[in-house]
Amino acid sequence: MSTGSWLPLIVVVLTQIQASFAVNALTVSMQGITADLDTPATSVGTAITAGTFAMAAFILLGAKVGAKYGSRRVFQIAVVIHGAAMAAVAVSVSPVMLFVAQAASGAVIALIAPALVVFIASNYQGAQQARAIGLLAAAIPAAGVLALLIAGTFASTIGWRYSFALIVVLAVINLMLSFRLKAVPAQPAVVIDWVGAMLAAGSIILLSFGFSGLASWGVILAEPGAPFSVLGLSPAPVLIILGAIGGQSFFVWLRTRKAQGKPQIFDLDVLRSGSEKATTFAMAAMLFVGTAANFLIPLYIQIVQGRTSFETSIAIIPYTLSIFVSSTLVASLYSRFAPRNIARVGFIVVALGLVILALTIRNEWEQFFVIAGLIILGLGQGSIVALVFNTLLSASPKSLAGDVGAWRGLVHNISGSVGIAVASVFAVGLLSTIITTSVAASPGLPDELTVQVPLDSVNFVTNDRLDEVLAATTATPEQITEATAINEDARLRALNISLLALAGIALLAIVPAGRMPNFRPDDIPAVLSSGEPTDPHARPNDEN
């Protein structure tokens, strides 16, 4: 790779860092934000969710807008808007301002993400292209590490707002560098399917909010924290059902447009072959497992060990760095092994890492086997994420590559939302069952004491928080000690079983991984859109 050819990759990686750093910085800066804006931590979580959902909702539309008006031009406008949104976050004076700014940043990332793939496709070929895709995937964990170190340091010294001012500077740098990129010609003939875009956005938002609300609103019956109820039912399953109906309507609409020979917001030929469906399932499974593990591991460190958010961030750096390393290096295996074989081994490695964690986590995070389990998990996760990204793009017909890129972003966000939601409900459900059973079997905790404790709303809490709750009851010091021991045991067992369940899902993913392509990935095309009117009877693989 010549010196001059590094520029597009630098822009791609820096822009991905810009987008990912922003989300991670919000998480690390949560304590400072809540104090400055006089708002609960849930408001910051809502702002993060708003950005994530906005990106997922408009990712399909973003690919078509870039193709129609020119990827570089759209990218430059989106980078400016994202920088302005980060400036708004930096000077936020209210939770509403923070929410609006973060939602706007998520929406424009839906324009940025497809453009990054276009830049790689139009500047790199063969092995260089595969390495570039690996580095793009690796930029996400790299941004996480940088956010932990930089935003964490800023939050504890000069203030959290400077982290977002730094993102504004990075946006200016990316904008200036982008003028030196090769312009990808616009495709004015691309017709945007606005009805399909709105159906997709509405369905994704309903599904995302539904799954995210499972833990706090209730799986079936509405909890006290639910914003509303439907005949006593939790709004979470209602939103999920409505989202599923909307999703079915979306696919019916696409099939109708396809039969009429009209352009669609997403071409179903992307999922026409078994290999593309298998790659999608493998990607969804890995992102589900990865995000669920990312939820459970910090939960363990903060609740079981009682560490702060910043200490938690530092503790998981080995895991994050291993994702970065494997995402970068997995491309070197493409010339020797088929994607299906790499994926199979990758899922076995992920399962191994999760099993090691499940069997060894105690109260000492520095234990060798815990660190080893984290590193093994990260190596498998990073390699699979980069592999399926490259394979999904290169295994489909070249005319559909833009749709594939958008589909990857969509699956990424939905699988992540579902992974966190399911892991939360599963782990808390296990915890509640174990505590209820243990308390009932304990002769030292009589019924007159247990009725004073809200066992119907059990959650992961620290020992200090449990002591505060029990102090308000008639519990004796001995009973508090016994209840604390039960809580400690239940937390660890719930996390152990949850991690083993994730390992089981990783092993099940070997099945779809075995149906992934059995060939060396080809180059991604520079023209990434299928939005022009096409012959509905033409085969997608008929290319010159």
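**Exercise 1.** Describe how helix 1 packs against helix 5 (residues 95-123).

Solution. Start with the axes: those of helix 1 and helix 5 come within 10 Å and cross at roughly 155°. Axes here are lines fitted to C-alpha atoms, for helices over the stretch in contact, with angles from 0 to 180 degrees between N-to-C directions. Helices (H or I, at least four residues) are DSSP runs numbered from the N terminus. Next, classify the angle: under 35 degrees counts as roughly parallel, over 145 as roughly antiparallel, 65 to 115 as roughly perpendicular and the rest as oblique. Helix 1 and helix 5 are therefore roughly antiparallel. Their crossing is left-handed, a term for a near helix turned anticlockwise from the far one by less than a right angle. Last, list contacts, meaning heavy atoms within 4.5 Å. On the helix 1 side, the residues that meet helix 5 include Pro8, Val12 and Ala19; on the helix 5 side, they include Leu98, Ile109 and Phe119.

The model is predicted: local features need pLDDT of at least 70, side-chain atom pairs count only at pLDDT 80 or more, and totals for chains, interfaces and linings use all residues. Residues are numbered from 1 along each chain as its sequence is written, and side-chain values use heavy atoms, leaving out hydrogens and water.

**Exercise 2.** Describe how helix 1 (residues 6-28) packs against helix 7 (residues 161-178).

Solution. The angle is about 160° and the axes are 10 Å apart. That makes helix 1 roughly antiparallel to helix 7. The crossing of the pair is left-handed.

**Exercise 3.** Which residues touch the most other members of the largest nonpolar core?

Solution. A nonpolar core is a set of buried Ala, Val, Leu, Ile, Met, Phe, Trp, Tyr and Cys residues joined through side-chain atoms within 4.5 Å. Of the 108 residues in the largest one, Leu60, Ile265, Phe266 and Leu354 touch the most other members. Helix 11 (residues 274-304) gives the most to this core, with 14 residues. Apart from it lies another core, of 26 residues, among them Ala25 and Ile167.

**Exercise 4.** Are Leu231 and Gln381 buried or exposed?

Solution. Leu231 lies in the loop between helix 9 (214-217) and helix 10. Its relative accessible area is 86%, so Leu231 is exposed. Phi of Leu231 is near 55°, a positive value in a residue other than glycine. Gln381 is in helix 15 (residues 368-395). With a relative accessible area of 8%, Gln381 is buried. Not counting residues up to four places away in sequence, Gln381 touches Met286, Gly290, Asn294, Tyr319, Ile323 and Val350.

Key: Buried means under 20% relative accessible area, exposed over 50%, partly exposed in between (1.4 Å probe, protein chains only). Helices (H or I, at least four residues) and strands (E, at least two) are DSSP runs, numbered from the N terminus.
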